[in-house]
Amino acid sequence: NAYNPSNLTFSLASKQAVKWRNDDGTTHTVTADGGGGFNSGNLGDGETFTFTFTTAGVYPYHCTIHPTMVGTITVNP
C-alpha cells in the first residue's frame, strides 16, 4: 500500500502528464489533499489515472481508502 515513487518532481515547461497505475490487486484512489485539483475515483487492479498539471506548485495527494498512502508531486516553473 504505497505509491512508487511517492514523490515526483518535474518542470512545468516539459508539459508532461502524470500517470498512476494500480498494480497491487487492491482498490486505491489518487486524491489531491484538500479536496481540490484531482481525484481518480476508485482504481482497480491494472487501472490507470492520468492528470496534466498546468500550474507550478507542490501537490500532496493520498488514497482515500488507505489514508497512510501519501505522495507529493512538485511542479517547478
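Modeller: Before we start, one definition: two strands pair if DSSP finds at least two bridges between them. Keep in mind that this is a predicted model.

Colleague: Thanks! In what sense do E3 and strand E5 pair, and over how many bridges?

Modeller: In general, strands of a sheet pair through backbone hydrogen bonds, either parallel or antiparallel. Here, E3 and E5 (residues 57-62) are antiparallel, joined over two bridges. Within that pairing, Ala-32 has Tyr-61 of E5 as its bridge partner.

Colleague: In what order do the strands of the sheet stand?

Modeller: The open sheet has four strands in the order E1-E6-E5-E3, with mixed pairing. Strand E1 (7-11) and strand E3 (31-32) each have a single partner strand, so they form the edges, and one side of each lacks a neighbour in the sheet.

Colleague: What is Trp-20 in contact with, leaving aside neighbours within four places in sequence?

Modeller: Its contacts include Tyr-3, Val-30, Phe-38, Phe-53, Tyr-61 and Ile-73, and also Glu-47, Thr-48, Phe-49 and Phe-51.

Colleague: And which side chains meet in a salt bridge?

Modeller: The count is one salt bridge: the side chains of Arg-21 and Asp-23 meet at 2.7 Å, N to O.

Colleague: Is Arg-21 buried or exposed?

Modeller: The cut-off for exposed is over 50% relative accessible area. Arg-21 has 53% relative accessibility, so this residue counts as exposed. Asp-23 is exposed too, with a relative accessible area of 53%.

Note on methods: Residues numbered from 1 in each chain as written. Predicted model: local features only at pLDDT ≥ 70, side-chain atom pairs only at ≥ 80, totals over all residues. Heavy atoms only, no water. Contact = heavy atoms within 4.5 Å. Salt bridge = Lys/Arg side-chain N within 4 Å of Asp/Glu carboxyl O. Buried < 20%, exposed > 50% of the residue type's maximum accessible area, 1.4 Å probe, protein only.
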